[in-house]
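Look over the sequence and the model first.

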Amino acid sequence: MAHPTFDTHTDAFEHRQFRDDEFWRQIPAWRDVSRDQFGDHLWQGKNSVRNLKQVHETLGDRIGQDLLQDIEAALRIAPMNIRITPYVLALIDWDNPVDDPLRKQFLPIASQMLPDHPYYLADSLSEDVDAPVPMLTHRYPDKVLFLPLTTCPVYCSYCTRSRIIGGSTETVDKDTYGANTERWEEAFEYLRNNPQIEDVVISGGDAFNMTARHVTHIGESLLAIPHIRRLRYATKGIAILPMKILRDEKWMKAFLDIHKKGHAQGKQVYIHTHFSSPQEITQWSADAMKRLFAEHVIVRNQAVLQEGVNNCEHTMVLLTKKLSTMNVESYYVYIHDMVPGCEHLRTTLKDGVELEKRVRGVTAGFNVPTFVCDAPGGGGKRNVASYEYYDEENGISVWRAPNVKPGELFLYFDPIHRLSAEAQQRWADQASCEAMIRDAVTAVDPSLTEEHREKISKRLEIGVHQLK
Ligand SMILES: *Cc1c(COP(=O)(O)O)cnc(C)c1O
Ligand code: SF4
């Protein structure tokens, strides 16, 4: 009988190794920065890099003119501004920045960018459409998404909420807002009046950009609503500014008090975070997690599947196992949303289905992420393999969401540059685009009414533009 063989050479333990060297000293501006200073979250905030000039000043001769010009050209068309903590900037491999997974996420270069898909949408998930009151999306029966602020300690160039997050850019005018307790009252009132809601995702924006007082105010207001049983504070912070967990005693006390208060009431108060590649994980992250674990705070991770960042088996397995080692539960891996400015980072749906097969089984099932596609048009998160129909040739998948919008169909599209030359030609022509979509939709539901068909094309039409 054949037995499984297990790889026991040292690489099999790669996930237990956490980088602890003084990696920031490779950056000219921070050559003399001590470990203590680098570990100060306030120093990190003050020294965050927010524009091209600061990128240049910080990196000095570690960055070439070509790359600087490439970034400058990207920032002219990108929907997101840049904001990068020294921690993240120093984790980029400046010997090969073009291929670096962190550089790709936070510092776009024009030579890698691609025209947006014809059916991209600024609000791809229809969060604004499904909002009964400002800052609150109520799509699922018993859970809501609350967006109390729209700033973050770093800006991801692929942010799914680039329409509101991180301030206006040359191409996008945004109504970015900071934390404002008075403006949240309407959302709290809605939650008080809707007893079916049990679960609030406190996102944004980033909970790390709330003051301790804001964390307390939101927590106490929500815990006071009897039917609300679960809160999740969302922050990318553990991945990009773990120092705050270790040093910001005021913020931590505010969060831990809400966590304890919730616990005493039999309610969950947890954290959802966002690591996308193992390169973002160091001893700082492990130490931050050690503290949260000791306080019984569950942390779950939501990653985005991205070309050249994590769309390979080795990287995704390593990410999953490393998170597991730190007691972070891998919750979701998202197929990339169809938002502007990140066509080059999207993968096909098939990539997601294939990777899921290769990740499942590598560690405890509760630490293996569910790969999901958040169906454009507000269908909600669906397991990648649960599509109704998938035309791989033309890159069109069709989805249903019985608990969210019963009877409706939703479409996701693979990036065109990944399709065959013939399929790419079909996508270049408006009439054949419409025909492909009609075929896909009819394959799922031949008896679709003309009214429903129109609803689908209307939803898609909003997005027919091209990035110049
Ligand atoms: C993701 C999301 C939620 C939470 O969904 P889970 O699957 O429970 O993580 C709630 N509301 C909206 C609008 C969301 O996008
Ligand atoms: S941390 Fe989240 S909300 Fe903030 S820019 Fe990144 S993806 Fe967007």
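A polar contact is a pair of N or O atoms within 3.5 Å; within protein, one must be able to donate a hydrogen and the other to accept it, and residues adjacent in sequence count only if both atoms are side-chain atoms. The model is predicted: local features need pLDDT of at least 70, side-chain atom pairs count only at pLDDT 80 or more, and totals for chains, interfaces and linings use all residues. Residues are numbered from 1 along each chain as written, chains are lettered from A and ligands numbered from 1 in the order written, and side-chain values use heavy atoms, without hydrogens and water.

| Residue | Distance to an oxygen atom of ligand 1 |
|---|---|
| K143 | 2.9 Å |
| Y331 | 2.8 Å |
| K381 | 2.9 Å |

Taken alone, ligand 1 exposes 380 Å² (Shrake-Rupley method, 1.4 Å probe). The protein buries 92% of that area. Residues around the ligand (a heavy atom within 4 Å) include T137, R139, Y140, V201 and R232.

Strand 6 (residues 299-304) and strand 7 (residues 328-334) run parallel, joined by six bridges. V304 has Y334 as its bridge partner in strand 7.

Notes: Pairing = 2+ DSSP bridges. Helix = DSSP H or I, 4+ residues; strand = E, 2+ residues; numbered from the N terminus.
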